[in-house]
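Colleague: Can we walk through this model together? I'd like to talk about its salt bridges and one of its helices.

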Amino acid sequence: MRIIAGKHRGTALADLGKGDAGAHLRPTSDRVRESLFNMLTGGRFGSPVAGARVLDLFAGTGALGLEALSRGADRVCFVENGRAGFKLITKNLAKLRAAEAASVLTQDATKLTANPYAPFDLIFLDPPYGKSMGEKALTGARDNGWIAPKALVIWEEASAQLPPPGFTLLEHKTYGAATITLLRAD
């Protein structure tokens, strides 16, 4: 795994090997991240990455949030309750010397409490596939002030997802075993 583009382009991230099934770590592949960020920076959705406040729910290794930082996001808040994921995010932030632009919260993304920060305008949501955790996390984040009005949500699952109340479906894209659902917060 590596950073695809931006100021940290080509930097190898902390090695996970083939993943950690017990910790539900399933990093978004370089190919899917590259396609996703090319779509985001292609102008169709405005300029959602540059200057963004990013919330990375079920952050795992932090690859999505780190890619956003490399491409000009102002701040990223990583939410990951697994020890393995927390260690990888911490290692990756140190490797990129980006700790000052990030917060790492070790809590369950489906049980977020009131947001202590300003709301976020770009949300990455990558829950364990097939566990019905994504909608609960997204709804809780919205209800507790984590998501700004008109925020763009990128939701990765094994299949296309329907938007919960308060979100509008923009489109679905499938990349192998991953389906990206793009939503806009109402």
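Colleague: What do the side chains of Arg142 and Asp143 meet in?

Modeller: First, a caveat: this is a predicted model, where local features need pLDDT of at least 70, side-chain atom pairs count only at pLDDT 80 or more, and totals for chains, interfaces and linings use all residues. Residues are numbered from 1 along each chain as its sequence is written, and side-chain values use heavy atoms, with hydrogens and water left out. Here the N to O distance is 2.9 Å, and the cut-off is a side-chain nitrogen of Lys or Arg within 4 Å of a carboxyl oxygen of Asp or Glu. So the two meet in a salt bridge.

Colleague: Which residues sit on the face of α3 turned away from its buried side?

Modeller: Helix α3 covers residues 83-96; helices are DSSP runs (H or I, at least four residues), numbered from the N terminus. Its buried residues include Leu88, Ile89 and Leu93. The face turned away carries the exposed residues Arg83, Lys87, Lys91 and Ala94.

Technical notes:
Helices (H or I, at least four residues) and strands (E, at least two) are DSSP runs, numbered from the N terminus. The expected span of a helix is 1.5 Å times one less than its number of residues. Buried means under 20% relative accessible area, exposed over 50%, partly exposed in between (1.4 Å probe, protein chains only).
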